[in-house]
Amino acid sequence: MKVSRRTVLKMSGVGFAAITMLPRVAFAGRNSVLSMRTGVQPNGKTRLVIETSLRPSYDISYPQNQMVVSLANTGACSVSPKLSGDGLVKKLTGVSVGDKLNVVADLRKSVAPIDKSSVMILPPNGDNEYRLVLDFVAGTNATDTNSKNDKSEKISSKQYVIVIDAGHGGKDPGCIGKGGTREKTVVLSVAKKLKKELDSAGFKTYLTRSGDNFLKLAERAEIAEKRHADLFLSLHANANPSRQTRGYSVYTLSEKASDEEAQKLAETENAVDKIGVSGFEKFSKEIRVALSALQQRAVAELSEEYATNCARAMDNASIDRLPGPSIRHAPFAVLRSTVPGALIELGHLSNATEEKLLKSDSHQNKLVRAIVKSVKNYNFDV
Ligand SMILES: [Zn+2]
């Protein structure tokens, strides 16, 4: 039986349990390892996470009974690794070789070579720095994780639940374009199209609203909780005082905004409920209780995986991206739950060209196709 990541999160936050805070010492221009940990997933996968101060550049080799992750331009390692008791890794050591640091994993069994396309480098998210995430299984043959067809089939064999949230609604129109296009209308239209496509791809989807009605942000998050969603997607469209500004952007939850723009956006999106951007005090008791620090971090990690997929799919579909980082972080109230997810600003209604695009069926379909792809490529199984 397959166990979804959501089930794993709900069970106890296992697999991510070995996260510890370590002193953040970074040397200018040189990468350093801040933490190393392994976790075990129910289907026999071992996950190795190496947290680094800078974006890691790596190579993997597989000498006898070992796996060696070689990190370029990285200083000596003084952190003590946190190892899961029954994973494939029995010992982790940092060995300096010239200007490289080799993270040497002594293995209980030989492992199948890791497909590079499945390796993730997660950007800093406020609580963590860069994380190199490697998943592997015992064996000698590479698993065909790069076959997209296989992946889609795998996904359709179990029904994953996705809650699609069309932002704003009712008395809250969201932002309004110069031509009068309302954010609440555009995002509802995209949400409905997305629901249809994801349903026919084998997912079980729910909309937070299917009409022009007002919902509080916490209510939206609660719908995701109640439906036991595996993924939560909140759809929005943006506005900027500069009419030139255009492009989509993807956001995940973090108590600390990644940049000033992201912070301002979170304040705008949160303003509808007059929810403060710091703290969880306005949250329903149910959700507040559910959000342990550990879960928050696990949810953040999964959300970033999804957001990375989403930005990649949008880029691949040649949808304009707002200049700057591909994923941003900010304290969005609607994302505060135990469900991994992202807030997608589909484009700028304040830009005349994008306003026209966002209204058009063909562009909405293009956005939907990209999002469907990103969902299919998201690894629901741990
Ligand atoms: Zn919005």
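How many residues does helix α9 (residues 361–377) have, and how far does it reach from its first C-alpha to its last? Helix α9 has 17 residues and reaches 24 Å, which is close to the 24 Å expected at 1.5 Å a residue, where the expected span is 1.5 Å times one less than the number of residues. This is a predicted model, in which local features need pLDDT of at least 70 and side-chain atom pairs count only at pLDDT 80 or more, while totals for chains, interfaces and linings use all residues. Residues are numbered from 1 along each chain as its sequence is written.

**The chain as a whole**

- The chain holds nine helices and 14 strands, both taken as DSSP runs numbered from the N terminus (helices are H or I with at least four residues, strands are E with at least two).
- Of the 382 residues in the chain, 45% are buried; a residue is buried if 20 or more other C-beta atoms lie within 10 Å of its own, exposed if 12 or fewer, and partly exposed in between, with C-beta atoms placed from the backbone.
- Among the contacts in the chain with a separation of 6 or more, 77% come from residues 24 or more positions apart, a contact being two residues whose C-beta atoms, placed from the backbone, lie within 7 Å.

**Helices α3 and α9**

- Helix α3 (residues 183–200) packs with α9 at an angle of about 45°, and their axes are 9 Å apart; axes are lines fitted to C-alpha atoms, for helices over the stretch in contact, and angles run from 0 to 180 degrees between N-to-C directions.
- The two helices, α3 and α9, are therefore oblique to each other, since angles under 35 degrees count as roughly parallel, over 145 as roughly antiparallel, 65 to 115 as roughly perpendicular and the rest as oblique.
- Where they meet, α3 contributes Ser189, Val190, Lys193, Leu194, Glu197 and Leu198, and α9 contributes Gln364, Asn365, Leu367, Val368, Ile371, Val372 and Val375.
- Helix α3 has 18 residues and reaches 26 Å from its first C-alpha to its last, close to the 26 Å expected at 1.5 Å a residue.
- The buried residues of α3, including Val190, Leu194 and Leu198, pack against β9 (161–166), β10 (204–207), β11 (231–238), β14, α8 (352–359) and α9.
- In α9, the buried residues include Gln364, Leu367, Val368, Ile371 and Val375.

**Nonpolar cores**

- The largest nonpolar core has 64 residues, and those with the most contacts inside it are Ile162, Val190, Leu235, Cys310, Phe332, Ala342 and Ile344; such a core is a set of buried Ala, Val, Leu, Ile, Met, Phe, Trp, Tyr and Cys residues joined through C-beta atoms within 7 Å.
- Helix α7 (residues 293–316) gives the largest share of this core, ten residues.
- A second, separate core has 22 residues, among them Val49, Leu71, Leu101 and Val103.

- Leu343 lies in strand β14 (residues 341–348) and is buried, because 26 other C-beta atoms lie within 10 Å.
- Although Leu343 and Thr252 are 91 residues apart in sequence, their C-alpha atoms are 6.3 Å apart in space.
- Leaving out residues up to four places away in sequence, Leu343 touches Ser234, His236, Tyr251, Phe332, Val334 and Leu335.
- Asp106 belongs to strand β6 (residues 100–107) and is partly exposed, because 13 other C-beta atoms lie within 10 Å.
- Not counting residues up to four places away in sequence, Asp106 touches Asn65, Gln66, Lys90 and Lys91.

**Positive phi angles**

- Most residues other than glycine have a negative phi.
- His228, which is not a glycine, has a positive phi of about 50°; His228 lies in the loop between α4 (217–226) and β11 and is partly exposed, because 14 other C-beta atoms lie within 10 Å.
- Ser318 is likewise not a glycine and has a positive phi of about 55°; Ser318 sits in the loop between α7 and β13 (327–330) and counts as exposed, because 9 C-beta neighbours lie inside 10 Å.
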